[in-house]
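Here's a quick tour of one model, taken a piece at a time. Have the structure open as you read.

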Amino acid sequence: MKNDLINISELNVQDPFASIFPIGTETLASIKQDMETNGFDPVFPIVAWEGKNVVVDGHTRFAAAKAIGLTQVPVLFKKFDDEDDAVLYSFYIQRNRRNMSDDDILRCLEMLDTIHGAPGKNKEGDARKMTRKAINEIRAKELGVSADKVDKARKVLELGTDDIREGVNSGEKSINKAFQEMQEIRRESGELKGKPTTGLGGATRYIQSLGRYLKELTRVREGGWEDVSQEKALADLAAIKELIEG
């Protein structure tokens, strides 16, 4: 490994490394402020893939340095066998210095399954031989959470609607809430046996339908009411109001 002062223009930022843990706005602002006052602390260099100059760790520090106009930054070059090796290094070193949010857990679970193999997937021989429970326990240790939470997160990834998964990814829903909503939808559709325990499934479908309607209405308005007239839209809203009021 080599530790050098490198021109910032020589470094590359790209996925999947940049998207493992997205840069937080508040964290970036704090680091920028500190860097403007004290400079770039060489004790915490950017870690880059030797021979490729791809940033593997230190994306927030890189963004802060670029934002304040630094032309050179301290870089620690590290060798990796392949992209999976580099991605795992990036994941572990960042996981160890942060509290994993539910959107982090969902995103990183999917990433780890892609690299190591998920239950029923032909990624690795040992993954094919292991039970779902055993793989969940391994992922739980990697993510620093319970095996039950991993199981719920995996089911959200496998069976949840796009809107439910997006709710977790955006931070609007916890994994537990997303799992409950998904299960109620499956029960009401008959896919999952058992009596619904709450109205979450119906409430979720209503919210999703309303969201789609508002998006379409916005599209029509931005199009100058060419597809649907403003009068028609207002008449439809009046009909909806009449339906609600009974």
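## A helix pair

Axes are lines fitted to C-alpha atoms, for helices over the stretch in contact, and angles run from 0 to 180 degrees between N-to-C directions. Helices (H or I, at least four residues) are DSSP runs, numbered from the N terminus. With that in hand, look at H5 (residues 102–116) and H8 (residues 147–159): they pack at about 75 degrees, axes 10 Å apart. That makes the two roughly perpendicular (65 to 115 degrees).

Who touches whom? On the H5 side, Asp 102, Ile 105, Leu 106, Leu 109, Glu 110 and Asp 113 are in contact (heavy atoms within 4.5 Å) with H8. H8 answers with Lys 149, Val 150, Ala 153, Arg 154, Val 156 and Leu 157.

## Where the model comes from

This is a predicted model: local features need pLDDT of at least 70, side-chain atom pairs count only at pLDDT 80 or more, and totals for chains, interfaces and linings use all residues. Residues are numbered from 1 along each chain as its sequence is written, and side-chain values use heavy atoms, leaving out hydrogens and water.

## Ile 138

Ile 138 sits in helix H7 (residues 132–143).

## Leu 210

Over in helix H11 you'll find Leu 210. At 35% relative accessibility, Leu 210 is partly exposed too.

Definitions and conventions: Buried < 20%, exposed > 50% of the residue type's maximum accessible area, 1.4 Å probe, protein only. Parallel < 35°, antiparallel > 145°, perpendicular 65-115°, else oblique.
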